[in-house]
Amino acid sequence: MSLPILIDTPHSSGHAPFHILAEMLAEGVHDYEKRQERLNHLFKQGDPLTDEIFFIPNAHIVNATVSRFVVDLNRMRDTGGMNGVIKITDFDAKSLYCEGFEFTKNMLEERLARYYDPYHASLDRIIAKNEILYFISAHAMSPNGPLIGPDVGTKRPALSFITNGKSNGEAKSTKEHISVPASLAQNLVEVLYKNFKDIIKDSDVPDEVLINDPFNNAGVAKRLSDPKNPNSIPGFGLELNQNLYLEQHPIKVIPIKNRVKELNQRMQSFMLDIIPLFEGIKTNPKNAASKFAKRSD
C-alpha cells in the first residue's frame, strides 16, 4: 500500500552526461581525473544525499537524474539569469564551461526537453491521481550563503521550511499563494523541530528552524501548490543544513559517520507524524486553511 506522500529531490544528482562534460571541459573531458573532479564539484554544490535522507518506503518519489548545473529542476522553465534554469557558473560565480562556449537557442531548448520536461511530467502524473495528501520538495543548503544566493556570507539555520510566504508563514501579498496556511506551517515546524532537535543540538549549526528564511520560494513547491494548477496539492519545501551530516571538505562529499541514516530515520518519523495534519486537505491552500481551522478548534 502506497503512502499519500510525494517527495521530490530536484538537486540530489551530481551526474552530467559525457557530451555536457565535453562542453564544460573541452579536450579535458578525455582526462578521467578531470572528469571526476568536475563531477565531484557538481555533486558537492548540489544537494548531496537528499535522495537518501528524504527516502521513505512506499511514498511517491521523483529524484533528479542530472545535476542542477545541467538543468535546475527547481526553477520555472523560462527562468534566466545566473541562478536560472540553465546556469553558466557555479555558486562561486566560476564559469562551468570552456572558454568561448556559447549556448544556442536550440541547445537550450533541447536540454530542457530532455531533462526538465520529463521530471515535471512525472510530478504532474502523480498529483493527477488525486491520491496525494501532501508533498515535500527536498533540499540541502550550504552552511553559509554562497556568492550567488539571497544571503551571501550569512550563517544559515538548521532547517528552513518554505511555503512561498513571509517569516510567519503568511502570504507575501494577496496576489501570491502560499503552499500551506500559516497556522499549519507553524504546527509543522513544531513537529519538525521535535524530531530533529537532539541532532541539531549535537551539531554546530544554529539551533533554529525558520519559515521562509533564507529561502521563501521553492520552484517545484510553488508550482505544485498553485491554485491555478487543476491538480494542486498542499505541501512545502524543506532545506536541511549540510553541516548536520557532512564534514567540511574543499573537494569531496564526506558524510559524518552514521548521520545520514539517522537523519533518514527522523525524516521518516516526521513524514508519518504529519499525515493527520494533512488529512482531508485535497485542493488548494484556501481550502486547506478552512479545513485545518476546523480540525484545530
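Student: Which residue in S3 stands opposite Leu6?

Tutor: Strands are DSSP runs of E with at least two residues, and helices are runs of H or I with at least four, numbered from the N terminus. Leu6 stands opposite Phe135 in S3. Two strands pair if DSSP finds at least two bridges between them; S1 (residues 5-9) and S3 (residues 134-141) pair in the parallel sense over four bridges. This is a predicted model, in which local features need pLDDT of at least 70 and side-chain atom pairs pLDDT 80 or more, while totals for chains, interfaces and linings use all residues. Residues are numbered from 1 along each chain as its sequence is written, and side-chain values use heavy atoms, without hydrogens or water.

Student: What is the order of the six strands in the open sheet?

Tutor: The order is S2-S1-S3-S6-S4-S5, with mixed pairing. S2 (60-63) and S5 (209-211) each have a single partner strand, so one side of each lacks a neighbour in the sheet.

Student: Which residues touch the most other members of the largest nonpolar core?

Tutor: A nonpolar core is a set of buried (under 20% relative accessible area, 1.4 Å probe, protein chains only) Ala, Val, Leu, Ile, Met, Phe, Trp, Tyr and Cys residues joined through side-chain atoms within 4.5 Å. Here the largest has 44 residues, and Tyr134, Phe236, Leu238 and Phe270 touch the most other members. Helix H5 (182-201) gives the largest share, nine residues. A second, separate core of 39 residues includes Phe135, the residue opposite Leu6.

Note on methods
Buried means under 20% relative accessible area, exposed over 50%, partly exposed in between (1.4 Å probe, protein chains only).
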